[in-house]
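User: I would like to learn how to read the features of a model like this one. Please give the general idea each time, then the case at hand.

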Amino acid sequence: MATDNTDIDEQLSTSGPDPIPGERESASPDPAVADPNAEGSTAEADVVGGLSENVAGALAYLFAPFIAVLFYFLEDRNEFVRFHAAQSIVVFGGFFVLSMGVFVMGFVLEFLPFVGWMLSLAISMLTFLVLAPLGFILWALLTYKAFTGERYALPVAGEVAERYV
């Protein structure tokens, strides 16, 4: 009662190993998996810690200026990340220095007799009502622009950041 299964045996031996159930049986590579040797691949776009450049640029603003300093010194190849890190350092480092200056000036003004505390309060309120909203708007705008991949330069801070890229 022997059957001739030579045709089936030949097909099985030439088709390779049995595919895993549910696995695609295509000869073309998966388009979702990038070839690291391909030109313009995402492997070259990876920057600090394996992040993409737009995420790294946005993080430079999101946690400014501390992460920006870290990214600026760690990333030496990607100009997009270095530019946004440098601009973040200039803008938000400047805001930090300015707020410390206002704080010290308010502290010194309090020692003036009679009107010192009023001048100190007026300067503090003006700073709170002007610098805080301006800083928040710049923070949100620059984070969004970096995340969308735009190299958006502020008028003065962008020029300074370009020099250090």
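This is a predicted model: local features need pLDDT of at least 70, side-chain atom pairs count only at pLDDT 80 or more; totals for chains, interfaces and linings use all residues.

User: How many of the residues of the protein chain count as buried, as a percentage?

Analyst: The figure is 27% of the 165 residues.

User: How many helices and strands does the protein chain have?

Analyst: Both are DSSP runs numbered from the N terminus: helices are H or I with at least four residues, strands are E with at least two. The protein chain has seven helices and zero strands, and its pattern along the sequence reads α-α-α-α-α-α-α.

User: Which salt bridge does Glu162 form?

Analyst: The general idea is that side chains of opposite charge can pair when their charged atoms come close. The cut-off for a salt bridge is a side-chain nitrogen of Lys or Arg within 4 Å of a carboxyl oxygen of Asp or Glu. Glu162 pairs with Arg151, N to O at 3.3 Å. This pair links distant parts of the chain, eleven residues apart: Arg151 sits in the loop between H6 and helix H7 (157–163), and Glu162 in helix H7. Arg151 is partly exposed, since its relative accessible area is 33%.

User: How many salt bridges does the structure hold?

Analyst: Two. Glu150 and Lys145 form a salt bridge in which the closest N and O atoms are 3.3 Å apart. Lys145 counts as buried because its relative accessible area is 18%, whereas Glu150, at 34%, is partly exposed.

User: What is the volume of the largest pocket?

Analyst: Rolling a probe the size of a water molecule over the atoms shows where empty space is left. On a 1 Å grid over the protein atoms alone, points where a 1.4 Å probe fits but cannot get out make a cavity; a pocket is an open set with protein on both sides within 12 Å along at least five of seven lines, and lining residues have an atom within 4 Å of a point. Points are joined across faces, edges and corners, and the volume is the space filled by probe spheres set on them. Here the largest pocket comes to about 210 Å³. The elements giving two or more residues to its lining are helix H3 (53–62), helix H5 (79–109) and helix H6 (116–147). H6 gives the most, with five residues.

User: Which residues line the largest pocket?

Analyst: Among them are Tyr61, Phe92, Ser99, Thr127 and Trp139. For classes, Ala, Val, Leu, Ile, Met, Phe, Trp, Tyr, Cys and Pro count as nonpolar, Asp, Glu, Lys and Arg as charged, and the others, Gly among them, as polar. The lining has nine nonpolar, three polar and no charged residues.

User: Which residues form the nonpolar patch on the surface?

Analyst: Patches take residues with over 30% relative accessible area and no salt bridge, joining like charges within 9 Å and nonpolar side chains (Val, Leu, Ile, Met, Phe, Trp, Tyr) within 5 Å. Accessible areas come from the Shrake-Rupley method with a 1.4 Å probe, and for residues only the protein chains shown count as cover. The patch includes Phe114, Trp117 and Met118, and its residues together have about 1300 Å² of accessible area. Met118 belongs to helix H6 and is partly exposed, at 40%. Phe114 lies in the loop between H5 and H6 and is exposed, at 76%.

User: What is phi of Phe114?

Analyst: Phi is near 70 degrees, a positive value in a residue other than glycine.

User: Where is the cis peptide bond?

Analyst: The bond runs from Ala64 to Pro65, with omega near -10 degrees. Pro65 is in the loop between H3 and helix H4 (66–74).

Terms used
Residues are numbered from 1 along each chain as its sequence is written. Side-chain values use heavy atoms; hydrogens and water are left out. Buried means under 20% relative accessible area, exposed over 50%, partly exposed in between (1.4 Å probe, protein chains only).
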